[in-house]
Amino acid sequence: MTHIPTMTKFSPRRRELLLGAAAGAAALAVAPGVLTGTAQAADVADAASYPAKAFAQTTETAALKMMYGAAPTHSADVKMGAPDIAENGAVVPVTVDSSLPNVTAVALLAIDNPFTMAAAYKIPAGTNPGISSRLKLAKTTKVVAVAQSGGKLYSTSKPVKVTLGGCG
Amino acid sequence: MAHQILIHASTAGGVTTVEALVKHPMDSGFVKDKAGKIIPAHYIEVIEFTHAGKVVLTGYWGPAVSKNPFIKFSFKGGKSGDPIGVSWVDNKGEKANVSSNIM
């Protein structure tokens, strides 16, 4: 019962963020107080750039379409490292890498999580597409790694068996 | 708001490897506390790494990234002593940054 109000509260905020991002200065109005204050020179992470809508999708197709406007083709040149069995779904080490040329973005998706998109990275020229991090997996799921190269999307996937879920 | 970020960068063979450990609850909004109340979602949305002022990685995270996130990546170039910076902003507008130097 308490689950649903939280969900509905959750989505409109994302929508606001997105609208805010589109409207530029409106983003400041959406979150007064939090964006004020003197930004330090090193504070470069920009909340307005967050692709909130892509992260609110519940299917791989929708999330990737929202994020990159494309669907991936399977490629052995996208590599993913994840355990076969994760005892603790709250901390699953997942690595993504690719031997494709000029990779501009990589993303990780957990198909059976409440929201499919787990993490997405922008790869500037000179940065290697190999990234290691840890994800939460709600239950046994297929994990998909996506790399964007030359404007096209490539992906690979792997099932990860979760014995203790990571979303409560 | 004791936002702590540990960052370590080292360079070898013209490639700099960066490892960062960010202290953050990364609450997904799906977990209940002991009293059965949902813990509201609270997670980092954007994290950005810079090398000498140039962005070397931008990460967009959802609530599926683990608590106290760890991230490791590498980029070409960078030499010992160069500044490395990391900053993040979360869904509540909280932010933090730290800078260090390549070992």
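So, in which sense do strand β3 and β9(A) of chain A pair, parallel or antiparallel? The answer is parallel: β3, residues 85-86 of chain A, joins β9(A) over two bridges. One of the residue pairs there is I85(A), whose bridge partner in β9(A) is K161(A). Keep β9(A) in mind, please, as we'll come back to it in a moment.

Before that, a word about what we have on screen. This is a predicted model, and it scores ipTM 0.93 and pTM 0.81. For chain B, the mean pLDDT is 93, with 98% of the residues at 70 or more. Within chain B, confidence is highest in β5(B), at 97, and lowest in β7(B), at a mean of 93. Why look at those values at all? Because where pLDDT is low, the predicted coordinates should not be read in detail.

Okay, chain A. Its secondary structure is four helices and nine strands. If you walk along the sequence, you meet the helices and then the strands: α-α-α-α-β-β-β-β-β-β-β-β-β. Chain A has 168 residues, and 38% of them are buried. Now take the contacts in chain A with a separation of 6 or more: 64% of those are between residues 24 or more positions apart.

Back to β9(A), which covers residues 152-162. We've seen β3 of chain A run parallel to β9(A). Strand β1 of chain A, residues 73-74, is also parallel to β9(A), and two bridges join them. There, T73(A) sits opposite Y154(A). Then there's β8 of chain A, residues 141-149, which pairs with β9(A) in the antiparallel sense over nine bridges.

What about the inside? The largest nonpolar core has 70 residues, and the ones with the most contacts inside it are V106(A), L108(A) and M117(A). Strand β5 of chain A, residues 103-110, gives this core its largest share, six residues. Let's zoom in on V106(A). Leaving out residues up to four places away in sequence, V106(A) touches a whole list of others, including V96(A), Y121(A), I123(A), I131(A) and A145(A).

Over to chain B. No helices here: the count is zero helices and seven strands. The C-alpha trace of chain B spans about 50 × 20 × 20 Å along its principal axes. Of its 103 residues, 49% count as buried. And among its contacts between residues at least 6 apart in sequence, 53% join residues at least 24 apart.

Let me pick one residue of chain B, S80(B). Where is it? In the loop between β5 and β6 of chain B. Is S80(B) buried or exposed? It counts as exposed, because it has 11 C-beta neighbours inside 10 Å, and the cut-off for exposed is 12 or fewer. Still, S80(B) does have contacts beyond its neighbours within four places in sequence, namely T11(B), I102(B) and M103(B). Its C-alpha atom is separated by 9.4 Å from that of A12(B), which is 68 residues apart from it along the chain.

Now, how do the two chains meet? The contact takes 43 residues from chain A and 45 residues from chain B. On chain B, the elements giving two or more residues to that side are β3, β4, β5, β6 and β7. By class, the chain B side has 22 nonpolar, 14 polar and nine charged residues.

Six strands form an open sheet in the order β2(A)-β4(A)-β7(A)-β5(B)-β2(B)-β1(B), with antiparallel pairing. Its edge strands are β2 of chain A and β1 of chain B, each pairing on one side only. On average, neighbouring strands in this sheet are turned by 20° against each other, direction ignored.

Where do the chains join up in it? At β7 of chain A, residues 131-135, which pairs with β5(B) over two bridges. S132(A) has K72(B) as its bridge partner there.

How values were computed:
Residues are numbered from 1 along each chain as its sequence is written. Chains are lettered from A and ligands numbered from 1 in the order in which they are written. This is a predicted model: local features need pLDDT of at least 70, side-chain atom pairs count only at pLDDT 80 or more; totals for chains, interfaces and linings use all residues. Two strands pair if DSSP finds at least two bridges between them. Axes are lines fitted to C-alpha atoms, for helices over the stretch in contact, and angles run from 0 to 180 degrees between N-to-C directions. Two residues are in contact if their C-beta atoms, placed from the backbone, lie within 7 Å. Ala, Val, Leu, Ile, Met, Phe, Trp, Tyr, Cys and Pro count as nonpolar, Asp, Glu, Lys and Arg as charged, and the others, Gly among them, as polar. A residue is buried if 20 or more other C-beta atoms lie within 10 Å of its own, exposed if 12 or fewer, and partly exposed in between; C-beta atoms are placed from the backbone. A nonpolar core is a set of buried Ala, Val, Leu, Ile, Met, Phe, Trp, Tyr and Cys residues joined through C-beta atoms within 7 Å. pLDDT is the predictor's confidence in each residue, from 0 to 100.
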